Amino acid sequence: MSRRPNPFGRSPFRPVMDRARFEELVAEALDEIPKKFRKLIDNLNVMVEDDCPPGTSLLGLYHGVPFPHRSPGSYGNYAPDVIVIYQRPIESISRSDEEVKDHVRDTVLHEVGHYFGLDEAELREIERAVRAQRQGEKT
């Protein structure tokens, strides 16, 4: 981890990871998704970008046709769904590499939840349970 001044107003005391390490965290977070769900994921491209679109404060974004809304006969003709994880916004809310990792895990889980058609209320409930479990593991 290095710390660098940011001309865009971010604190120089926030962690900054190199892209390769950040992408590893995204891959690890995908691997943590239970196998019964992972095997259902198809035609999905997960990528990392530096910043979210201007005027937003997103940590990640899912774009595509949610799993429950697909019809087997027609979905094969579509471009892949896309999940984008935004590195700088995640770094900007993190105080350590461990917090970056936790935020990446939470964001990947959230966006994969959208892939499976979950709404924000359902995702918040799942995220609370995952955070509580994670806190129990740390103590």
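Predicted model: local features only at pLDDT ≥ 70, side-chain atom pairs only at ≥ 80, totals over all residues.
Let's start with charges. Side chains of opposite charge can pair when their charged atoms come close. How many salt bridges does a search of the whole structure find? Nine.

Take Asp50 and Arg19. Their side chains meet in a salt bridge, at 2.3 Å from N to O. Asp50 sits in the loop between E1 and E2, and Arg19 sits in helix H1, residues 19–31, so the pair ties together parts that are 31 residues apart in sequence. Is Asp50 buried, exposed or partly exposed? At 35% relative accessibility, Asp50 counts as partly exposed. Arg19 is partly exposed too, with 29%.

Now look along helix H1. Glu24 forms a salt bridge with Arg21, and the closest N and O atoms are 3.2 Å apart. These two are three residues apart in the helix, so about one helical turn separates them. Arg21 also meets Glu28 in a salt bridge, at 3.4 Å from N to O. On accessibility, Glu24 has 42%, Arg21 has 31% and Glu28 has 30%. Each is above the 20% cut-off for buried and below the 50% cut-off for exposed, so each counts as partly exposed.

Salt bridges link Glu32, Asp102, Arg105, Asp106, Arg131 and Arg134.

Next, a charge without a partner. Glu111 is in helix H4. It is buried, yet it has no salt bridge. Which side chain of opposite charge is nearest to Glu111? That is Arg131, 11 Å away. The side chain of Glu111 does reach the backbone nitrogen of Tyr62, at 3.0 Å.

On to the largest pocket. It holds about 460 Å³ of space. Its lining has 18 residues, and Ile33, Pro34, Leu109, Ile126 and Val130 lie nearest the centre. Two elements give two or more residues to this lining: helix H4, 97–115, and helix H5, 120–138. H5 gives the most, with six residues. What kinds of residue line the pocket? Twelve are nonpolar, two are polar and four are charged.

Last, two loop residues. Asn43 lies between helix H2 and strand E1. It is not a glycine, yet its phi is positive, about 60°. Asn43 is partly exposed, with a relative accessible area of 25%. Pro80 lies in the loop between strands E2 and E3. Pro80 and Val46 are 34 residues apart in sequence, but their C-alpha atoms are 9.7 Å apart in space.

Technical notes. Residues numbered from 1 in each chain as written. Heavy atoms only, no water. 1 Å grid on protein atoms, 1.4 Å probe; cavity = no way out; pocket = protein on both sides within 12 Å on 5 of 7 lines; lining within 4 Å. Points joined across faces, edges and corners; volume = space filled by probe spheres on them. Helix = DSSP H or I, 4+ residues; strand = E, 2+ residues; numbered from the N terminus. Nonpolar A, V, L, I, M, F, W, Y, C, P; charged D, E, K, R; others polar. Buried < 20%, exposed > 50% of the residue type's maximum accessible area, 1.4 Å probe, protein only. Lys, Arg positive; Asp, Glu negative; His and termini not counted. Salt bridge = Lys/Arg side-chain N within 4 Å of Asp/Glu carboxyl O. Polar contact = N/O pair within 3.5 Å; in protein donor to acceptor, adjacent residues only side chain to side chain.
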